[in-house]
Amino acid sequence: MVYNYGMAKMNNRATFALDDETVSRLKKLSLLWHVSQAEVVRKAVKIADRQIEEKRKEKLSNLYLYQEKKGLDPEAADAYLLEASENRAEWRHEK
């Protein structure tokens, strides 16, 4: 019988090339949080994902508010479309 004692079973290994400043921050967080550097990465990814999801929900909520108002003023609509277009352009460059 295998016991994990509450720790997640790790099936994937990854290698990263990090700059000195990031490594220093990683080590600092590891000491402050009393966890391994791998756990710092897992927690940081979880926090970032949560923040992205919260922003997505906030934007969706704002969209519903706009719909309830029965429309947007033309300047706000143009600004939104410009922002969306710029964000999509950034997505293509991140790959």
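**Helical architecture, a buried serine and salt bridges**

The chain exposes about 9,500 Å², of which carbon and sulfur atoms supply 55%; accessible areas come from the Shrake-Rupley method with a 1.4 Å probe, and for residues only the protein chains shown count as cover. The model is predicted, so that local features need pLDDT of at least 70 and side-chain atom pairs count only at pLDDT 80 or more, whereas totals for chains, interfaces and linings use all residues. Residues are numbered from 1 along each chain as its sequence is written, and side-chain values use heavy atoms, with hydrogens and water left out.

Three helices and zero strands are present in the chain, which follows the pattern α-α-α along the sequence. Helices (H or I, at least four residues) and strands (E, at least two) are DSSP runs, numbered from the N terminus. Of the 95 residues in the chain, 4% are buried. Residues are classed by relative accessible area as buried (under 20%), exposed (over 50%) or partly exposed (in between), with a 1.4 Å probe and protein chains only.

S30 belongs to helix 1, which spans residues 20-33. Its relative accessible area is 13%, and S30 is therefore buried. The side chain of S30 reaches the backbone oxygen of V35 at 2.5 Å. Apart from neighbours within four places in sequence, S30 is in contact (heavy atoms within 4.5 Å) with V35, S36, Q37 and V40.

Side chains of opposite charge can pair when their charged atoms come close. A salt bridge is defined as a side-chain nitrogen of Lys or Arg within 4 Å of a carboxyl oxygen of Asp or Glu, and the count by this rule is four. One of these joins E21 to R25, with the closest N and O atoms 2.6 Å apart. Both residues lie in helix 1, four residues apart, about one turn of the helix. E21 is partly exposed at 47% relative accessibility, while R25 counts as exposed at 51%.

In helix 2 (residues 37-68), R56 and E53 are three residues apart, about one turn of the helix. Their salt bridge has its closest N and O atoms 2.7 Å apart. R56 is partly exposed at 42% relative accessibility, and E53 is partly exposed with a relative accessible area of 32%.

A further salt bridge pairs K59 with E83, the closest N and O atoms being 3.9 Å apart. This pair links distant parts of the chain, as K59 lies in helix 2 and E83 in helix 3 (residues 74-94), 24 residues apart. K59 is partly exposed at 49% relative accessibility, and E83 is partly exposed with a relative accessible area of 39%.

Methods
A polar contact is a pair of N or O atoms within 3.5 Å; within protein, one must be able to donate a hydrogen and the other to accept it, and residues adjacent in sequence count only if both atoms are side-chain atoms.
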